[in-house]
Amino acid sequence: MYPHRDGGRLARRILSCALLLAGAASAPAFAQSVSDPTGDFIPSFTGPKNGDLDLKSIKATFDGASYRLDATAAAPIGTTSTGLYVWGFNRGKGTAGFAAIGATGVLFDSVVIVNPGAGTVTIRDLVAGTGTTLPASAIKISGNQISVAIPANLLTPQGLEQAKFLVNLWPRSSNGGNETISDFAPDNADARLTLAFPTPEEASVQTEAVFDDASDRFARIQRRLDEQRADGTGGRIGGFLDLGARFGSRGAGDSLARNTVNRVTASGIDYALGRNAVIGLGFAADRTHADLASGGTLNADISSPELYLGYRSGALHVDGYAAYSIVRYKSRRLLPIGTDLLPATANPDGNAYSFGGSVGYDLGAHGLTFTPGIDLLATRAHVDGYAEANDQDFGAALAARNRTSARLGIGAAVQYGKHYDWGSAALHAKGRYVTELGDKRDTIAFAYTAQPDLVFDLAGPKTGVDYGVIEIGADVTSRTGLHAGLSYAPRLDGHGFIDHAAVLNLGFGF
């Protein structure tokens with residue numbers, strides 16, 4: 001039904017340039033109706049100058065499976081009992097059929113004739129010389145407005161793709177010659193279609209994945225610094241290796257992620273500067289897979305070098321954290337076009353900067369410690385601009401975007417540890433309330449690939465919401481410096497569990 005389109009590099013570069021040029025004046029809404037002045041009957045018109053033959057606006061919408069043609073006149077439809085409304089389509093072989101009356105810019109190679117009095121819609125292919133008639137149910141009339149819906153397969157391409165067809169509407173007072181044509185909309189040009197394709201709001205999952213990954217990495221480093229404080233010796237080199245996974249049925253808030261799995265591999269080496277300070281370098285390689293609401297998928301491979309440090313003075317301790325992340329995405333959206341689900345794929349790159357800090361105060365004795373604390377993690381995520389690949393040209397091109405999250409956590413931890421001849425063991429439990437200070441919605445500037453110069457601003461779903469984190473775990477450390485820990489850390493919001501996490505920590509010190 002649809003022609004194949006080569007989505008090569010040149011076309012994508014042209015599209016990217018168009019996005020950059022148009023981004024400063026992007027459209028606030030998706031409606032693209034064309035206004036027409038009232039009272040502008042063309043000079044050659046000899047019929048009655050009734051308001052229903054005087055157009056105020058038109059709009060032709062294409063959703064990939066059908067065309068909806070809407071027009072608004074200056075008076076109720078039917079004021080002229082013999083009135084007709086003729087839509088001209090330029091499918092690639094349009095000619096100036098009305099040059100004799102000055103409409104040299106009105107090009108068409110097929111027509112859709114709407115006859116409200118007879119209740120019929122006739123589609124004529126002027127290239128093939130064929131015609132089709134639709135029943136009265138295809139026409140909708142409400143006061144000054146008239147609309148008609150026709151299947152897209154009745155207008156086959158003749159050089160232009162269906163999404164790039166051009167249209168014009170002219171009313172007639174009756175069947176006859178050019179003298180029965182009262183108005184053109186637009187006046188002496190063709191208008192392009194309004195595209196009603198699925199919007200790329202699921203791109204919001206891209207930055208969600210980065211923010212959640214940063215939260216997990218910061219929590220991992222905080223666990224490591226807790227271990228170093230528990231050790232309490234200076235001049236010691238240590239290291240760790242973390243293996244973990246987070247999985248759940250959906251993301252936070254109005255997230256368009258569904259089943260999500262995050263796999264974690266992290267390692268680091270650190271040095272205790274005396275008894276009060278620790279500094280370390282780490283590296284994390286995480287992979288997130290998310291099922292999208294449309295039925296598509298998103299994979300995010302995140303590689304992050306990290307710097308961390310900890311300092312304590314008596315019962316007070318302060319942690320610091322910084323990281324840079326390189327992100328590689330693999331996106332596959334499924335676009336509902338008619339009864340079909342058509343894939344649109346993309347492989348954008350991105351990066352992120354994360355900075356975190358926490359303050360805690362240890363209370364207790366005899367192996368039992370209660371630690372209230374507060375932490376803040378700020379992450380700035382960047383996603384490069386990209387265009388989706390889709391043979392039918394129903395995909396979207398997204399401008400590069402930045403988004404910032406600032407997550408404030410308030411909570412407390414309880415730990416009980418005991419020493420043995422072979423080493424030590426500890427149980428811990430933590431609870432935190434996390435509130436989002438910066439990230440509310442992902443604003444996405446995009447264009448449909450069929451109309452790359454028309455850029456829209458899309459407010460993504462609300463994902464910056466408050467949630468709680470619970471962590472329960474156990475740690476074992478041998479006198480030789482080997483360490484193993486296992487933690488379970490689910491997140492939950494007002495609707496129940498968001499996801500679950502299991503983290504295995506293996507480390508050593510020497």
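Start by selecting His366, which sits in the loop between strand S22 (363-365) and S23. Strands here are DSSP runs of E at least two residues long, numbered from the N terminus. His366 has a positive phi of about 60 degrees, although it is not a glycine. With a relative accessible area of 80%, His366 is exposed. For these labels, exposed means over 50% relative accessible area, buried means under 20%, and partly exposed is in between (1.4 Å probe, protein chains only).

Before you click on, know that you are looking at a predicted model, where local features need pLDDT of at least 70, side-chain atom pairs count only at pLDDT 80 or more, and totals for chains, interfaces and linings use all residues. Residues are numbered from 1 along each chain as its sequence is written, and side-chain values use heavy atoms, with hydrogens and water left out.

**Stop two: a six-stranded sheet**

Now colour S9, S8, S7, S4, S12 and S13. In that order, these six strands form an open sheet with antiparallel pairing. Two strands count as paired if DSSP finds at least two bridges between them. Strands of a sheet pair through backbone hydrogen bonds, either parallel or antiparallel.

Look for the edges: they are strand S9 (130-134) and strand S13 (191-192), each pairing on one side only.

Next, zoom in on Gly88. Which residue in S7 stands opposite Gly88? Val111 does. Strand S4 (residues 84-90) and strand S7 (residues 110-115) run antiparallel and are joined by five bridges. Turn to S12 and you'll find that the bridge partner of Gly88 there is Asn168. S4 and S12 pair in the antiparallel sense over seven bridges.

Stay with strand S12 (residues 166-172) for a moment. Six of its seven residues are buried, so S12 is largely enclosed by the rest of the structure. Val167 stands opposite Ala191 in S13, and S12 and S13 pair antiparallel over two bridges.

While you're here, pick out Pro186 in the loop between S12 and S13. The peptide bond from Ala185 to Pro186 is cis, with omega near -5 degrees.

**Stop three: the nonpolar cores**

Show side chains for Phe62, Tyr67, Trp87, Phe89, Val112 and Ile150. These have the most contacts inside the largest nonpolar core, which has 66 residues. A nonpolar core is a set of buried Ala, Val, Leu, Ile, Met, Phe, Trp, Tyr and Cys residues joined through side-chain atoms within 4.5 Å.

Click on Tyr67. Leaving aside its neighbours within four places in sequence, Tyr67 is in contact (heavy atoms within 4.5 Å) with a list of residues including Phe62, Phe89, Ile150, Leu155 and Phe165. A second, separate core has 14 residues, among them Phe41, Val106, Ile181 and Phe184.

**Stop four: a four-stranded sheet**

Select S24, S25, S28 and S29. They form an open sheet in that order, with antiparallel pairing. Strand S24 (386-387) and strand S29 (456-462) stand at the edges with a single partner strand each, so one side of each is left without a neighbour in the sheet. S24 and strand S25 (residues 396-398) run antiparallel and are joined by two bridges. In S25, Leu398 is the bridge partner of Tyr386.

**Stop five: salt bridges**

Side chains of opposite charge can pair when their charged atoms come close. The structure holds 23 salt bridges, each a side-chain nitrogen of Lys or Arg within 4 Å of a carboxyl oxygen of Asp or Glu.

Begin with Lys164 and Asp393, whose closest N and O atoms are 3.8 Å apart. Why does this pair tie together parts that are 229 residues apart in sequence? Because Lys164 lies in the loop between strand S11 (145-151) and S12, and Asp393 in the loop between S24 and S25. Lys164 is partly exposed, at 30% relative accessible area, whereas Asp393 is buried at 0%.

Now jump to Arg246 and Asp499, a salt bridge with its closest N and O atoms 2.9 Å apart. Arg246 is in strand S15 (residues 237-248) and Asp499 in strand S33 (residues 496-509), 253 residues apart. Is Arg246 buried or exposed? At 10% relative accessibility, Arg246 counts as buried, and Asp499 is buried at 6%.

Finish by selecting Asp212, Asp216, Arg246, Arg407, Glu436, Arg491 and Asp499 together: they are linked in a network of salt bridges.
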